[in-house]
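Open the model in your viewer and keep the selection tool at hand. Each stop below names what to pick next and what is there.

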Amino acid sequence: MAFHLRRIARHGYQRLIGLLLLLVAVNALLQSPSSGLMSWVPMLILLGLSVLLAKPLSALRGPDWQLPVQTLVAGGFVALHQLSLGTTNLTTLILTDAVIVLTSAITLYTRPVAIVALLVPLLLPLTTALTTTSPFPWYALTLLAISLVVAQQMQHTLSRWSRLSRRQQDRYRKLQQLMSQKSDQDGLTGITNRSRFDQRLKQLVAENRRTRNPLTLVMLDVDYFRSYNDHYGHKAGDLCLKGLAKLMVHCSRRQTDVIARYGGEEFAILLPATDKGGAERLLRQLRTEVAEAAVTHSHSPISDTITLSAGVAQWTPGQGADALVEQAGKALNQAKLEGRNRYVIA
């Protein structure tokens with residue numbers, strides 16, 4: 001129920017004004033005006049409440065002062081109608097006020113100022129009726145006091161539920177964001193995973209078909225990583241992949257770049273608005289930092305430390321995402337055929 005409180009507030013105001021219209025119309029039909037000069041008042045009140053009913057939802061979304069003013073006018077119309085019918089029938093007057101109090105507490109619980117603005121004008125006909133009735137109608141006053149207490153408790157409860165609802169919605173939104181973020185990340189390295197990379201690549205290719213901006217893809221592979229895993233163990237292999245991922249993120253630095261684990265020991269770097277020259281500069285820096293890290297790999301036939309092979313391909317107009325990946329993959333394979341620990345630009 002808490003999640004629907006906002007919807008209740010929006011539609012409840014319209015129902016409140018509709019109830020006021022109904023009360024005025026019923027009273028106008030059941031009772032005749034106390035004075036011939038006042039016979040036009042019920043029609044004026046109906047017209048005024050109809051105007052208030054025209055755009056009730058805009059008041060809930062409008063400035064803070066708009067809804068209290070609107071409810072104040074509505075309460076004034078009801079009070080004017082009660083005065084025009086006379087204040088001799090105290091029971092009808094009390095019951096009408098009690099219904100309005102309870103209904104306003106439910107429909108306007110988020111705007112207590114608007115509730116007060118609606119009820120204040122009703123004090124005039126009520127006070128007049130109480131002072132002219134003899135003996136003093138304690139039963140009526142008791143009934144009205146009970147309705148006020150109930151209304152206050154209802155408003156307090158609904159407000160508390162509304163606050164809980166907002167907190168739950170905030171927690172749910174944060175949980176959704178966290179789950180979405182986790183679903184896009186590689187579980188080991190924390191960088192983008194393969195599915196998110198494929199999605200982002202297709203998006204960038206589609207954008208570049210319109211903008212014609214450069215787009216470059218770098219495919220990387222850890223040289224002789226299987227022998228590294230076999231000799232040092234999978235735990236050491238995981239630490240090695242995590243460290244390489246951090247170096248790639250450090251060398252990239254731009255938030256628009258996509259650093260992804262493509263599969264196993266293979267990585268991909270997607271560089272929007274970057275040509276082959278920019279990709280080559282990034283690779284040089286990355287190779288330098290990998291060499292400085294000097295992660296021991298005594299079972300590599302080409303080096304005593306971990307090394308990388310890479311292939312670079314730049315998107316060309318008319319080329320699809322799969323074709324770009326294939327081109328970068330061929331360049332990577334060429335780097336391996338030439339002896340590894342190098343990069344090839346397609």
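Buried means under 20% relative accessible area, exposed over 50%, and partly exposed in between, with a 1.4 Å probe and protein chains only. This is a predicted model: local features need pLDDT of at least 70, side-chain atom pairs count only at pLDDT 80 or more, and totals for chains, interfaces and linings use all residues. Residues are numbered from 1 along each chain as its sequence is written, and side-chain values use heavy atoms, with hydrogens and water left out.

**Stop 1: Asp223 and Arg340**

Select Asp223. At 1% relative accessibility, Asp223 is buried. (A salt bridge here is a side-chain nitrogen of Lys or Arg within 4 Å of a carboxyl oxygen of Asp or Glu.) Asp223 sits in the loop between strand 1 and helix 10, Arg340 in the loop between helix 13 and strand 5 (343–345), and the two are 117 residues apart. Helices (H or I, at least four residues) and strands (E, at least two) are DSSP runs, numbered from the N terminus.

**Stop 2: Asp221 and Lys336**

Select Asp221 and Lys336. This is another salt bridge, with its closest N and O atoms 3.2 Å apart. Asp221 belongs to strand 1 and Lys336 to helix 13 (residues 321–337), so the pair ties together parts 115 residues apart in sequence. Lys336 is partly exposed at 25%.

**Stop 3: Glu280 and Arg284**

Go to helix 12. Glu280 and Arg284 both lie there, four residues apart, about one turn of the helix. They form a salt bridge, the closest N and O atoms being 3.1 Å apart. Glu280 is partly exposed, at 22%, and Arg284 is partly exposed, at 48%. The salt bridge count comes to seven.

**Stop 4: helix 13**

Color its buried residues: Ala321, Leu324, Val325, Ala328, Gly329, Ala331, Leu332 and Ala335. Look down the axis.

What covers the buried residues? Helix 9 (194–211), strand 1, strand 2 (258–263), strand 3, strand 4 and strand 5 are included in the cover. Contact here means heavy atoms within 4.5 Å. Step past the helix end to Gly339, which follows helix 13 and has a positive phi, near 120 degrees.

**Stop 5: the largest nonpolar core**

A nonpolar core is a set of buried Ala, Val, Leu, Ile, Met, Phe, Trp, Tyr and Cys residues joined through side-chain atoms within 4.5 Å. The largest one has 26 residues, and Val218, Leu220, Val222, Leu244, Phe267, Ile269 and Leu286 touch the most other members. Two or more residues come from each of strand 1 (215–222), helix 10 (225–232), helix 11 (234–252), strand 3 (266–272), helix 12 (276–293) and strand 4 (308–314). Helix 11 gives the largest share, seven residues.

Center on Phe267. Its contacts include Ile191, Val218, Leu241, Met248 and Tyr262, with residues up to four places away in sequence not counted. Apart from this core lies another, of 19 residues, among them Leu215, Leu217, Leu270 and Leu332.

**Stop 6: cysteines**

Select Cys240 and Cys251. Cys240 is buried, at 7% relative accessible area. Cys251 is buried too, at 6%. How many disulfides does the structure hold? It holds zero, with a disulfide taken as a pair of cysteine sulfur atoms within 2.5 Å.

**Stop 7: two positive phi angles**

Most residues other than glycine have a negative phi. Select Tyr224, in the loop between strand 1 and helix 10. Its phi is positive, about 50 degrees, although Tyr224 is not a glycine. Tyr224 is partly exposed, at 30% relative accessibility.

Finish at Ala294, in the loop between helix 12 and strand 4. Ala294 also has a positive phi of about 50 degrees without being a glycine. Its relative accessible area is 39%, partly exposed.
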